[in-house]
Amino acid sequence: MVELIDILLPALVAGLLVLSTHVPLGYQVLKRGIIFIDLAIAQIAGLGAVVVQTTDIGHHLPGASYIVAAFFALSGAGIIALFERFAKQQLEALIGCLYVLSATGAFLLLANDPHGGDLLKQVLSGQILWVTFSDLYLHMVLYAAIVALMVFKPRLLSGKWFYFIFAIAITSSVQMVGVFLVFSTLIIPALATVKLIRFQMRFAYLIGVLAYLIGLVASATWDLPSGAAIVWALALVAVIVTLLMNKFSLIKA
């Protein structure tokens with residue numbers, strides 16, 4: 001039991017860190033109507049991590065995986081910001097194209113790598129169950145800075161700076177939990193609570209915390225892929241909470 005708690009606690013803290021930024025960012029994504037931006041930016045950051053793995057950059061640059069992934073994510077955010085300015089009507093389609101290009105780019109880079117399948121699985125599904133506290137310190141500092149910006153400079157989220165704040169947060173999250181869980185954490189809690197009459201964010205955080213806890217316990221108990229288990233837990237908890245909110249007339253007509 002003690003050993004199980006030692007494994008689950010750092011993973012749960014990682015989930016709480018991701019939730020701290022992704023819930024408010026998720027509302028912005030829904031408000032802007034660019035649902036697949038998180039999937040695209042996460043995949044672009046993942047492509048950066050793959051580039052590090054398939055080259056010798058990591059041997060010459062400390063922290064290369066994060067730095068290169070952040071560079072890729074920021075570049076992707078800059079491209080999407082340009083798309084929004086010059087091709088707004090086609091924005092969602094162009095974001096989808098970026099996602100497909102970055103995903104297939106990773107496949108091409110890993111085509112001749114004997115460990116390519118494992119690396120792709122790690123990028124997509126993550127390895128949250130094996131995160132340790134020592135892995136989280138840098139992420140804690142980064143997320144604290146992002147949350148501070150959201151609290152004290154909320155206007156940044158409604159302007160062009162949103163894309164760059166988003167890219168940094170996504171890069172950090174992909175390193176911890178993988179592309180699938182990044183997308184689900186951003187969209188599912190926000191989508192389930194966006195029509196609430198009040199306490200939107202509180203219920204969104206509640207959905208996230210319960211889902212991460214249930215998913216992690218299920219993963220550890222039945223030896224399931226942790227990322228996939230949490231994604232399904234997010235969906236199931238969101239459906240249950242939505243049904244309860246409907247029953248008690250807490251949702252706007």
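How many salt bridges does a search of the whole structure find, and what can be said about the residues involved?

A: This is a predicted model, in which local features need pLDDT of at least 70 and side-chain atom pairs count only at pLDDT 80 or more, while totals for chains, interfaces and linings use all residues. Residues are numbered from 1 along each chain as its sequence is written, and side-chain values use heavy atoms, with hydrogens and water left out.

The search of the whole structure finds one salt bridge, a term for a side-chain nitrogen of Lys or Arg within 4 Å of a carboxyl oxygen of Asp or Glu. It is formed by the side chains of Glu 84 and Arg 32, at 3.6 Å from N to O. This pair links distant parts of the chain, since Glu 84 lies in helix H4 (residues 64–86) and Arg 32 in helix H1 (residues 2–32), 52 residues apart. Helices here are DSSP runs of H or I with at least four residues, numbered from the N terminus.

The two partners can also be described by their relative accessible area, where buried means under 20%, exposed over 50% and partly exposed in between, with a 1.4 Å probe and protein chains only. Glu 84 has a relative accessible area of 13% and is therefore buried, whereas Arg 32, at 21% relative accessibility, counts as partly exposed.

Another residue, Thr 171 in helix H8 (residues 161–177), counts as buried because its relative accessibility is 0%. Leaving aside residues up to four places away in sequence, Thr 171 touches Ala 45, Tyr 66, Ala 69, Ala 70 and Ala 73, where contact means heavy atoms within 4.5 Å.

Technical notes. Helices (H or I, at least four residues) and strands (E, at least two) are DSSP runs, numbered from the N terminus.
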